[in-house]
Amino acid sequence: MNNKALRLLEFPRIREILSTHATTDIGHDLCLQLPVSSDLAHVAQLQAETQEAMVILTYRGDSPMIPFSDVRGPLNLAQKGATLSMRTLLDIADCSRAAAAAKRALVTDRENTPILRGIAARLEPHTDLSRAITDAIISEEEMADNASPELSDIRRHIRQCNDRVKEKLQSIIHSGGSGKYLQDAIVTVRNGRYVIPVRQEYRQFIPGLVHDQSASGATLFVEPLSVVEAGNDLKQWQSKEHQEIERILLMLSGDVAEAADDLAENIENLAKLDVAFAKGAMARWMNAIEPKLNAEGRIRFVRVRHPLLDPETVVPCDLWMGEDFTTLVITGPNTGGKTVTLKTVGLITLMAQAGLHVPGNLGTEIAVFDEVYADIGDEQSIEQSLSTFSSHMTNIVEILANVERNDLVLFDELGAGTDPTEGAALGQAILERLLKHGIRTVATTHYSELKAFALSRKGVENASVEFDVATLRPTYRLSIGVPGKSNAFEISRRLGLPSALIDAAKELLSQSTILFEDVLTNAEYHRQVAEKERQIAEEARAETVRLRNEAEALYRNIAQGKESAMRKAKEDARKVLDKARRESAAIIEELRAVKKSGQLSAEAQDLTRRLRVLDDSLALPADDEGLRLHTPPKDLNVGDSVQIMDTGTVAQVVAVPDAKGEVQVQAGIIKMKVHLSKLKLVEQEAKKKRTTVRTQTGAAERTVPLECDVRGMALDEALAESERYLDMAVMAGLHEVAIIHGKGTGTLRGGIQQHFKKHPHVKSLRLGQFGEGESGVSIVTLK
């Protein structure tokens with residue numbers, strides 16, 4: 001891509017913004033040199049790379065990159081046999097740690113980041129080398145004692161020598177005879193030797209070597225002869241320490257040289273990752289999206305914003321071209337936003353082709369061009385004797401000489417700077433040539449001739465930046481399909497030009513020009529009215545959608561509340577049923593005891609009362625449909641067989657209904673009063689179809705079937721029905737019954753088997769055998 005267009009469209013500023021999001025120095029430098037690609041497949045890969053970086057940044061919250069220095073130069077030196085410094089070796093260790101961290105963060109099972117994962121997979125962290133360096137080197141000026149056994153031993157001897165020297169010097173300082181000869185009672189170091197400060201006039205009383213003196217000459221720094229030998233030993237051990245450190249550095253440098261190729265490749269891959277994450281961070285900062293790409297020259301902007309303008313105040317741009325027309329002529333007043341629109345088209349295209357996401361809405365589509373040419377601004381030069389028109393024409397000549405079909409050309413104020421008639425004719429000829437070759441072109445102008453050219457020529461379309469006549473201010477919104485007015489008279493009036501001059505200027509216009517401008521004004525007025533009506537319709541639609549969403553949310557809340565209430569009601573019912581089962585089991589046990597005694601005592605009457613209360617607690621109110629299906633018997637006689645609807649128990653009428661409608665019936669040995677509405681007359685045919693079991697007392701007959709069919713019920717319903725049936729079977733004195741639950745998925749079978757294994761009425765439980773229904777039936781033996 002030509003550098004002149006990059007500069008005119010301010011792409012270097014985009015690079016600078018991108019570089020602020022880089023983590024490493026080498027990534028920062030690469031961002032400042034970000035290239036623009038013209039290969040569709042490569043651009044698509046760069047866009048996918050940026051999208052993957054955004055995914056990881058959103059998932060992690062930050063970049064997985066760790067800062068490191070560019071050590072490619074020291075790596076080359078290590079390969080040539082040089083000994084690296086401790087600072088350089090620590091930088092190399094930092095680079096290895098950065099590679100390990102990036103690989104650990106990116107080489108995962110995540111399937112939506114294949115490009116970045118592939119780059120990270122090529123990293124070779126060399127963690128052993130990094131650990132060896134950090135274990136041996138504490139800082140850029142200090143090596144650890146355990147860097148080698150030799151170094152540890154040497155430093156032990158150095159500490160011992162230091163202690164001996166200091167002890168001897170301390171004894172001299174604190175001795176009564178020598179203390180008066182010293183300037184200060186301290187031990188200091190000069191030229192790497194331990195010395196004491198001796199007054200000049202007492203030099204002869206402290207024999208030793210003078211290593212330094214004060215600026216005034218009044219103090220001499222003397223190493224006493226008694227510690228010279230110990231100081232020499234210390235010097236020798238310090239020399240050995242230096243040699244051992246050099247040996248360790250040389251060894252580590254050799255290890256670095258062996259891994260230098262991998263480390264250099266790591267730096268390149270880490271730099272690529274850093275640029276990718278810088279692009280992702282910039283996209284998040286700009287609230288940018290991944291645009292669609294094409295190689296057919298189609299451009300479609302959906303509320304695209306100029307990336308260098310304040311996002312709070314910039315007016316989004318909706319623009320399209322490349323299908324029905326390839327040339328767009330933008331007109332409108334000065335300061336109306338024509339040049340900003342032109343730069344937006346060029347800069348957004350460059351950003352997309354550099355792999356950067358663009359600030360806009362979904363649906364934005366960018367064409368990948370081979371070159372982008374731009375003639376924007378005034379580049380007149382006094383030195384080169386170039387006027388405004390000459391500078392523009394020099395650029396245009398160069399563009400026309402190099403432009404090809406798959407290029408994008410941007411002209412600002414085409415034909416300006418010379419005679420309007422000639423300038424308009426030149427502009428029309430230039431546009432005609434570019435149109436003939438199918439080159440995508442965007443041009444701004446004030447010339448009415450170019451507006452008319454766009455109206456009459458196929459493949460060319462007018463566009464205008466809006467101007468609010470009421471406020472005499474531009475709105476910066478672009479409208480395609482309608483040419484714009486320059487509004488020079490209105491702007492001049494707002495700036496204070498006398499009305500008389502403006503009226504005089506209007507009289508100088510030709511009649512055709514006045515008519516053309518009036519048509520434009522009328523078209524712009526009606527377009528703005530239609531736009532306002534469209535906005536009102538959009539607001540109404542948005543309000544309708546909001547109300548619909550609120551209604552749907554309210555409906556969901558009501559449904560959830562209903563479901564919650566149903567769950568609570570079922571839970572309460574389940575608790576009542578459990579309590580009733582326990583009480584009924586206790587009553588049945590007591591009834592059995594009464595039956596064995598053969599007497600109906602007061603206890604039996606009390607049990608009858610408790611059973612009636614229990615029966616009333618379990619009764620459910622009949623719904624309308626149940627009332628229609630069940631009609632209470634009208635004429636009951638003593639001895640008639642009736643069925644109690646709440647429990648299904650068959651009893652015999654002992655006394656006819658009283659004034660309250662209550663009938664005294666007897667079920668087995670139990671007598672009770674039941675309201676007429678809860679009774680059903682048992683027909684003789686129905687009685688014949690049931691199994692009749694006679695109780696031990698022989699007082700009555702209870703009709704109870706030998707099987708209970710719960711197929712098609714939910715598990716809770718099946719358990720409740722089975723419980724009631726077993727209660728009836730126990731009261732009727734049955735020994736073995738069958739519960740038919742079907743085979744199906746096994747839910748009913750498993751639930752029933754689990755529930756009745758420890759039931760107080762059940763002696764044993766098994767599945768049916770061949771001829772009994774097999775696994776679709778549970779055979780229950782009662783106690």
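## Terms and overall make-up

Strands, as the word is used here, are DSSP runs of E of at least two residues, numbered from the N terminus. The model is predicted, and within it the secondary structure of the protein chain comes to 23 helices and 27 strands.

Among contacts between residues at least 6 apart in sequence, 66% join residues that are at least 24 apart.

## Threonine 327 in strand S10

Strand S10 spans residues 327-331, and threonine 327 belongs to this strand. With a relative accessible area of 0%, threonine 327 is buried, since buried here means under 20%. Once neighbours within four places in sequence are set aside, the residues in contact with threonine 327 are Met321, Leu431, Leu435, Ile439, Thr441, Gly459, Val460 and Glu461.

## Helix H3 and its buried side

Helix H3 is formed by residues 25-32, and among its residues Ile26, Gly27 and Cys31 are buried. These residues cover an arc of only 140° around the axis, and they therefore lie on the same side of H3. The cover over the buried residues of H3 includes helix H2 (11-19), helix H5 (72-79) and helix H11 (260-286).

The N-terminal end of H3 is capped by threonine 24, which has a side-chain oxygen 3.0 Å from the backbone nitrogen of glycine 27.

## The sheet of S24, S25, S27 and S26

Four strands make up an open sheet in the order S24-S25-S27-S26, and their pairing is mixed. Strand S24 (707-709) and strand S26 (762-767) are at the edges, and because each has a single partner strand, one side of each is left without a neighbour in the sheet. On average, and with direction ignored, neighbouring strands of this sheet are turned by 20° against each other.

Within the sheet, strand S25 (residues 736-740) and strand S27 (residues 777-782) run antiparallel and are joined by five bridges; isoleucine 740 stands opposite valine 777 in S27.

## Helices against the sheet

Helix H22, residues 715-732, lies across S24, S25, S26 and S27, and runs at about 165° to S25. Helix H23, residues 747-756, also packs on the sheet, where this helix touches S25, S26 and S27, and its direction makes about 155° with that of S26.

Definitions and conventions. Residues numbered from 1 in each chain as written. Predicted model: local features only at pLDDT ≥ 70, side-chain atom pairs only at ≥ 80, totals over all residues. Heavy atoms only, no water. Pairing = 2+ DSSP bridges. Axes fitted to C-alpha atoms, helices over the stretch in contact; angles between N-to-C directions. Contact = heavy atoms within 4.5 Å. Buried < 20%, exposed > 50% of the residue type's maximum accessible area, 1.4 Å probe, protein only. Arc of directions from axis to C-beta. Polar contact = N/O pair within 3.5 Å; in protein donor to acceptor, adjacent residues only side chain to side chain.
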